[in-house]
Amino acid sequence: MKRNTFVPVLLACGLLATATSLFAQTAPAVTPENWFNGKASLLLLGRDDVDSSKFQEYRIVPKGVSMPVFSLEGSHNGTDYALIGQNIRQLDERYLGYADMKWLGVAFDYNSIVHNMGYNGRTLFTENAPGVWNMSATLRRYLGDAVDAVPVASRTYPFYANLLAPTLAAAPYEDLTSLRRRGNLAVDLGKKLPFGLQFTYLRETKTGARGDSNGDVYGVVNTVVDFPETMDEVVQDIGVRGAWNFKAGNVYARFNRNTYTDNLNSLVVDNPFRATDLAFISTAVPGGPAQGRFGVPPDNEAMRGAFGFLYKMKRQTRFSGDFAFNTWTQNEQFLPFSINSAIFTPEGRPANALSTLPQQSLDGKINTSMYNLGFASRPIDNLAIRMRYRAYDLTNKTTRFVIPGDAGGSPDRSWSVNTPTPDAPYGHPTANPYDHSTKRFDLMASYDIGAFSLEGSYRNGQLERTSREALSGDENMWGVAAVYRTGSWVDFKAIYDSYTRTAEGETIYGFQEDEAEKTVKRTGLEVELSPMDKVGVSFTYYKNDREYPNRPNRVPVVSGVPVPGVQFSNTPSGLLEATYDTFTVDAEYVPSERVEFGAWYTYEKDTATNRWHTTSTVAGTPPTYTLNNSLAYAGTDRGDSFGINGIFTIVPDKWKLSFMVTQQKIDGLMDITALETGSFYTPGRTTLIPPGQGGAADITDYDDTEWTTANVSLAYTYNARVTLNVGYAYDKYTFADAYNASDSLFVQSPLFFMQENNGNYTANIVYTRLTVRF
Amino acid sequence: MLKEDTVNELCYQCHTEKRGPFLFEHAPVREDCLSCHEPHGSNHTRLTKQKLPNLCWNCHLTGSGHFGSGDNFSTQKGVPVAPPGAPSGFPTVNSRFIERSCRMCHVKLHGSNHPSGGYFGR
């Protein structure tokens, strides 16, 4: 019983979430006073070499001998204990366990999670210090001089490709792989106390390299450069939780302190085209720094507290309430405005000096608060009601300061003066203090008529924001559901929800998608049929339609300023609608005690349509404006997935054969349509439209993905303690997407990418697994 | 049914570096990670609800900046990317449509603490 009291606590901490199945496999049929169970597996595996990281994206598939799992558990003189290991001594290893004594409970979980996001990425640089990526200064000078020596018009893709060919050919390889190691420790001191008392500690490290994170530094010569983002991060959390349980409920409180530390304070990378710092002179001589410097996430800290209660009464009546608050702070030293020593402010101060900053750090602070009040009851036998009121508030308490200028608008080539405006009093709209709050009331009721239940729900919410276009809004949702549960040959559930959001505020261009008016309608049906003892079929259908009504029409903009009183009819912009449809059919057939079959098929289709318009100015007094372009983008993904599996008991308790085959296929399309009267559009065209005139065409290679797996396994049970499996697995993944189609490091001038390998693969795997219980 | 009080607080349990506060904040990011991400599964990298740049265009389609008067750069969307060795003048697709799209330059979309990061560029 003692173990049973502690395990739920561990589950609440998330410590044994994946361990329960292992316990289920090894738990003894009867629990004597002292007992012990052990289990260990050895795996001998052979497989194809796979170049793509996708195969081992979040896992390791080891060749040769490995130990996938061991577990030791038991009870000795009143102490329950367990120790479980998974993927022993691999990068994706995990160990967890507990000791549950009469007066003390201790549990831990150590989990190492690989993130293999790309093998054999190629970069122009070599990391000479953590986060510092260098390239030969001689080569950088040669490349920069070569670029500067030709007119801008001659700096074409072939020019850059020819110039860079030797450099690209010699580019070093880097894997974009990282490792998260997370450890949790929970100590329960409340076993002999009249109240619950637990202490928790978490420590997580993130090391390795993250990709796809670095970009624009240098302006005209080189707009994008890709290199591995070195990671050296530590997260720690210490917490305490107390609870007092009494017959009619409980009260509880908890407090946590969480810190994030990045041991790097910046990422520095050489400019391939500059060996010395230069300021911007002209388009032909664009300047640029010798190095680029990116910020990394600043160290930050969070304090969190919460307390609450639950009070139980007759007729399943429950009153509950809780209050939680957070304080998030951040005060890391800023980086200078620029790394470029050739940039100066209008006052002549160097942009690369910390002393030029108006403030050395943010001293940032955000407070959040939330309270919930809940009520649930069953006033009469057939009626159940639940109500909840929730209020959440986020307030940015940071003291803001004016940022008079920066090197952001013209990256690291020149100084840009920021002129405060009523909408951006601190220099940038993104520097405005942003707050938001929500208040929501939910009501749910259900009425039972025999096996049939009718459910209804209602929600009303008020949304408030500062420093955004939609300063307020309401949301209303209602839903109905009909549920029929007999446990006999047919069960079903049907639902319908309708949600509406409003938006009020001031805007010229329209509210952004996340704050705009929105309607959502959701329909669903679930049916389970068991017409015979040996056959079971289930069917699930869901449809979700989102619409964004009243998106504003296009407003002409000249030099960043909207033209008053002018708009184009029927030109709403942004996301207009999105739909998601899916159905699943799942069937089971058990013709005998020795044979089982299962099969399933899932259809999914999601579509999102947004529109875009541009205008041209027609000279005159006053000038007029014409709609130049009107494009609609309907991105669609259709998914078809199926699977079959079977289990054949050849000799009961001795030989068992099982198989499973699955395939998932995504067929995507970006359907682009344009204003047919526009000069850029030629109906029925077969050739590419020259640059400057453009051309709209569908993108057919869009998310196209296929993933096929198959596995067949033969298991032999030698005795109750020894099992042997032999098997074969097939794993194939293909991906086609025009957005990421190139395998070149130099996709387009002047953009460099690492082109790491995380694409197609095929793997054949054979294995033998020996499992011993002791 | 969330383990934490809000979606963002749950996300911060693992993505602690996104917590900030930052000198420059991206308001939809601060309000709800689900504005852009679909954590239960997506066909797009980083579990985004749509592929970039369309995800960005759900909001940033009108106004100033890149989207001001007469900006017609988007009309080449759908044209193939120039292959290596392509002839001079090959009409490459606009860079806003390939690879990381808007994130090629706006790399710190979750918030920037760089004094020159007002547009989330560093």
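Modeller: Gly646(A) sits in strand E31 of chain A, which spans residues 624-651. Keep in mind that this is a predicted model. Leaving out residues up to four places away in sequence, Gly646(A) touches Glu596(A), Phe597(A), Ser658(A) and Phe659(A). Glu588(A) is 58 residues away along the chain. The C-alpha atoms of Gly646(A) and Glu588(A) are separated by 9.7 Å.

Now the other strands. Strands of a sheet pair through backbone hydrogen bonds, either parallel or antiparallel. Take strand E20 of chain A, residues 436-449. E20(A) runs antiparallel to strand E17 (residues 383-396) of chain A, and 12 bridges join them. Here Arg390(A) stands opposite Arg440(A) of E20(A). E20(A) also pairs with strand E21 (residues 452-465) of chain A. That pairing is antiparallel too, with 14 bridges. Tyr447(A) has Leu454(A) in E21(A) as its bridge partner. E20(A) and E21(A) make a hairpin with two residues between them. Gly450(A) lies in the turn and has a positive phi of about 65°.

Next, an open sheet of four strands in chain A. Their order is E6-E7-E12-E13, and the pairing is mixed. Strand E6 (126-129) and strand E13 (291-295) of chain A are the edges, each pairing on one side only. From one strand to the next, the twist averages 25°. E6(A) pairs with strand E7 (residues 132-134) of chain A through three bridges, in the antiparallel sense. Within that pair, Ala129(A) is bridged to Val132(A) in E7(A).

Last, the nonpolar cores. The largest has 21 residues. Phe125(A), Val269(A) and Phe752(A) have the most contacts inside this core. Helix H4 (157-169), strand E12 (266-270) and strand E36 (751-752) of chain A each give two or more residues to it. H4(A) supplies the largest share, three residues. Look at Phe752(A) in particular. Setting aside neighbours within four places in sequence, Phe752(A) contacts Leu124(A), Val224(A), Val225(A), Asp226(A), Leu745(A) and Phe746(A). Another core, of 16 residues, lies apart from the largest one. Among its residues are Trp612(A), Leu631(A), Tyr739(A) and Cys102(B).

Notes
Residues numbered from 1 in each chain as written. Chains lettered and ligands numbered in written order. Predicted model: local features only at pLDDT ≥ 70, side-chain atom pairs only at ≥ 80, totals over all residues. Pairing = 2+ DSSP bridges. Contact = placed C-beta atoms within 7 Å. Axes fitted to C-alpha atoms, helices over the stretch in contact; angles between N-to-C directions. Core = buried A, V, L, I, M, F, W, Y, C linked by C-beta atoms within 7 Å. Buried ≥ 20, exposed ≤ 12 C-beta atoms within 10 Å, placed from the backbone.
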